[in-house]
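Dear colleague,

I am passing on the structure we spoke about, followed by notes on what was found in it. Please keep it open while you read.

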Amino acid sequence: MAAHRCRYLACLLLLFLSVILVTMSQETTLGHEQHELVIRPLHSGDIYASFQFRTVWETDFMKGNKVSHYRLFPKSLGQVISKFSVRELHISFTQGYWRTMQWGQPFIPSPPGAELWVWFQDSVTDVDATWKELTNVLSGIFCASLNFIDSTNTLQPSASFKPLGIGNGTTDHRFLRYATLPREIVCTENLTPWKKLLPCGSKAGLAVLLKSEKLFHSSFHSQSVHIRPVCQDRQCKSSSWELRQALNVVFDLHTSGQSKREWSLFKMFSRTLTEACPLASSSKIYIDVTDNPQEEQFELSPATPLLSQAVVLGDRRTFSVYDLTQQVTFGTVRSLNLMIRWKSSEGDMLRPLLHAERYVTGYGLQTGEIHTLMYNNHPFRSFPVLLLDSVPWYLRLYIHTLKVISKGKDNNPSYIHYQPSKDRERPHLLEMLLQLPPHSVTEVTVQFERALLKWTEYTPDPNHGFYVGSSVISSLVPSTVAMETNITMEQPLFSSFFPCKEESSYFARVYTEPLLVNLPTPDFSMPYNVICLTCTVVAVGYGSLYNLLTRSFQVEEPNPGLAKRIANVIRRMRGVPPL
Amino acid sequence: MYFLASLSERRRGQLAALSIAAVVIVVGVPLWWRTTETYRAWLPFSQIKDLSKLQLHLSADVEVVFARGTLTPEQQKKLPLTQTQDEEHAVDGDNVKVYIGQRRTAILRINAEMRAGKTVEQLLAVLKPQIKQVLQVMSFSHTDITAALSDRVRFNPGSKESMTHSMRAFTSSPGYEITFSLLNPDPRSHRLHWDIEGAVQTYIQPFLTKLSPLANFSIDSQMLHYAMLGVNPRYNNDRGAFILHADSLAHVINPVEARLGSNAASSNPVLNFLLYVPDAQHSPLYIQDHKKMDVPSNAFHSPRWGGIMVYNVKNLYGPEAEFPVNININMAEVMGVFLTQLRLLVGMESSPPPPGFLVAPCGSVGLADWELDRLMWSRSVENIATATTTITSLAQLLDQIGNIVINDNIAQQVSSAVTSVQLAVAELEAGNLGFALQYSKETILASEKAFFDPSLLHLLYFPDDQKFAIYIPLFLPMCVPILLSLLKMASEARRRYREKQAKKD
């Protein structure tokens, strides 16, 4: 055995002579890695922590050459995008509902449950089959029920979901698929594969804070993966893949803090930071101190001299920055445990300019009405919003009852795209472009009828109700400060997710609550009862018919009276002939 | 009068009961039977039965070419002349009788006295045992074929050694995914660079191109940071090195495997090749075999899984080096080991040649033509055996469980698998290796598709008690009156018959 190995080694040795060893200096092709944690104390007393991990992989994927050597980019996702010719992939898993009214806008919005939207490259011929296969593969990668995505909950929005990366001209929505699973429960088994995609795993850097027992003990938890092509440089001559992993979490301090308004990294994540991920080119913690310029609201320790300003979601915010790649950040104890101590609890909340809500009205199990309310809180400016509503086929929308009312008057949408549902095939899709008048509430109502399902189509707990995914409201909201229009690498991650085309407004996406609708639910022993009942009815009818047909009827002598029969019995006992 | 009317009435009643029974039997029962029947397409059961006692005939063409001067002029008239120079260069030493070249040629040497005064036929007869040996080395031998069949057919167990040999190689599959992973347990101590693209192009790709008739190969590579081995190597004070003993190698793979990630894009088996570069605090690291000797390549392989190589870099930098150290990995060294492991895992298991044989070193490709032939022989046989087992067990299953629906496409897959098996067997018999392999691949694909079709499971669970629960409410009240009236009629007929007999007497 060993002799043979030696022989092959010897023959390979001949090979080596013919090969010139090239020294490798591939710092440039490694791609680079940015890590970031933003902490924003919310006015409600909660803490919003937003992690973002960005990997940029400088490779020319559009020319169709197979790329199969992965360095920082995770292999599993790379294989998926190259096998299924994906141009853009956005997937999010969310537990809890983001309360826009109390918390403001999140950096990366997401609806409750799971959401997946994918732009395919225009070389894909059978988009539906590819989409089906892709959802199954992603379901395996993320340990989620994405395999329940089928044609009954897949949409092709015509306007709401435009590519976020470089578009390359194609925005033909035939190559777009969008699906939500509002019922998906997000837990540890989804977090573990998500952490595995990070180059440092959960071993070093910011990711050590991601302990599931703390993260899921929160009011809101959302994790997402976004893959898109981005420009390598300002001229945009070559492109590269960008993988963004985001994790947003809102901790409720009132319930966990024992009425003491104090917060620290250790309290929140049960860990402190000791180092940055050595693979990351930048690794920073930003703390939003905009409302706290003179430390009148809270006190931050250890203090940092670094302050940075960024324009994010139409507002200029000030952040204290902790750069984890600098040893000085960790101080003499070699560990960073950020602490915030509140001094006063006052503080006025800047109302978000746009928020929305949705609910169902009506009684009984036959009809109902969906109300979607959109609030424009800007005092003097109106702005356009794009509303996307997707309703499953078993709620039959009466589209003629669609009404859009703002300030008591009809508001005519300038664009409507409605695709009626087909039973058991596709959902309703309603997209509308609306102008929201300043300082107003716009109400969209539409009536629906509840369909009866086949008895195998009910979920295992049908009396819980059926979920209807969130409405999506995409909008260009007027900005109070000039937005940054050219995206550079130097910008912090949280302000560079949505590309910005003009200075006067910023893009925002708001999701409404998902709806829970009761459908008429049968008693599930019914089929057997029906079988038994019909069989009995048939058997009774058949029995009497059979008797009528086969029995012969004859007139019988009337029965002898009781006295006579008794007398006969006695006579028989005596041996006398009967009467 | 009254009696007559009653009699005809009785007769009519009996006729009605009889006709109702007739309608139930002629229309009702077939209707019920047809509507509740599971659809079962026709399967070639008899051909499948023949497959189970399939006999394989393998044949290989042999061409014996005599070198110049071996034969007398009159003998050699119509024989071609080849390979005279090869002999001059390659064969030296008297004890080498047979030299096996890189292509499909072997050179035999016979002494002058043995060939004196013999006809071509006699010469061939003398050479026959040697030719047979050559054939066993270059195409197939009994052990190869048993190894190929070892998964399917139970032979009397051989030695443990031969068992491990036969278990090492991957089972036949239409494609393989090869993944090279560079494991860096601590990015703070080493910053590793490897030119995997170039190395794959130079070392692995020629080998795989040669193997391409056998299966499709795809190559991936990845870098994994903070990936640890599953065991803590012991520190040996005498040597100033860490030692990983052969006994603990079994525990190395599992924790690493969790990080490797499954291949999302295909369902082919994955061959993993891991290059582990221990961090500065834990190096150098050496692997020792069971005799406590260092393994020269510092690598090991795991059957049907892949290989791991430990690459020590401590001597590449001085003690005053600043961490993290930039390290360029010598891919030639690494790929030499991986290629050797790959050869073993693909199934290029060469039993040592018989005494007196000299095997030419493999060329730049790492694979001689006849080695590929050997693989193709054993793979064809293995494929045929696998497919036959699959089809026969499927047929057996379908035969035993009547509830399974057999759709047309499954029947079609089964028939095409059966035809491909027959074609493959015929091609093997004719010695057409390429076609045989092609057909055997087709039959594997078709049979697996049929076996794993989800439609087979649809009605599998339909217990009989539930059927009865549904049928009884209808069938019991309908059948009882019919049966009763039939019984009554039968007893009446018997009574009348007896009365008639009594009257006759």
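The side chains of B:Arg496 and B:Glu492 are joined by a salt bridge with an N to O distance of 3.8 Å, a salt bridge being a side-chain nitrogen of Lys or Arg within 4 Å of a carboxyl oxygen of Asp or Glu. The two residues are four apart in helix H14 (residues 464-504) of chain B, which means that about one helical turn separates them; helices here are DSSP runs of H or I with at least four residues, strands are runs of E with at least two, and both are numbered from the N terminus. B:Arg496 is partly exposed at 41% relative accessibility, whereas B:Glu492 is buried at 11%, where buried means under 20% relative accessible area, exposed over 50%, and partly exposed in between, with a 1.4 Å probe and protein chains only.

Please bear in mind that this is a predicted model, in which local features need a pLDDT of at least 70 and side-chain atom pairs count only at pLDDT 80 or more, while totals for chains, interfaces and linings use all residues. Residues are numbered from 1 along each chain as its sequence is written, chains are lettered from A and ligands numbered from 1 in the order in which they are written, and side-chain values use heavy atoms, with hydrogens and water left out.

Helix H14 of chain B holds another such pair, B:Glu499 and B:Arg495, again four residues apart and separated by about one helical turn, with 3.2 Å from N to O in their salt bridge. Here B:Glu499 is partly exposed at 42% relative accessibility, and B:Arg495 is partly exposed as well, at 47%. In chain A, salt bridges that share partners link A:Arg40, A:Asp288, A:Asp315 and A:Arg317 into one network.

Over all chains, a search of the whole structure finds 22 salt bridges. One of them pairs A:Asp128 with A:Arg177, with the closest N and O atoms 3.0 Å apart. Because A:Asp128 belongs to helix H4 (residues 127-142) and A:Arg177 to strand S6 (residues 176-181) of chain A, this pair ties together parts that are 49 residues apart in sequence. A:Asp128 is partly exposed, at 47% relative accessibility, while A:Arg177 is buried, at 4%.

Turning to confidence, chain A has an average pLDDT of 85, and 89% of its residues score at least 70, pLDDT being the predictor's confidence in each residue on a scale from 0 to 100. Over residues 1-29 of chain A, however, the pLDDT is below 50, and this stretch has 46 contacts in the model beyond near neighbours in sequence, a contact meaning heavy atoms within 4.5 Å.

Chain B comes to 14 helices and 13 strands, and 43% of its 505 residues are buried. Of the contacts in chain B between residues at least 6 apart in sequence, 79% join residues at least 24 apart.

Within that chain, helix H10 (residues 331-346) has 16 residues, which at 1.5 Å a residue should span 22 Å, in agreement with the 21 Å between its end C-alpha atoms; the expected span is 1.5 Å times one less than the number of residues. Since 15 of the 16 residues of H10(B) are buried, the helix is largely enclosed by the rest of the structure. At its start, a side-chain oxygen of B:Asn330 comes within 3.2 Å of the backbone nitrogen of B:Ala332, and H10(B) is followed by B:Gly347, which has a positive phi near 115 degrees.

Two buried residues may also be worth a look. B:Thr179 sits in strand S3 (residues 175-184) of chain B and is buried at 1% relative accessibility; leaving aside neighbours within four places in sequence, its contacts include A:Lys75, B:Asp220 and B:Phe273. A:Ser505 is in strand S25 (residues 505-511) of chain A and is buried with a relative accessible area of 7%, and, not counting residues up to four places away in sequence, it touches residues including A:Leu476, A:Met483 and A:Cys500.

With kind regards

Definitions and conventions: A polar contact is a pair of N or O atoms within 3.5 Å; within protein, one must be able to donate a hydrogen and the other to accept it, and residues adjacent in sequence count only if both atoms are side-chain atoms.
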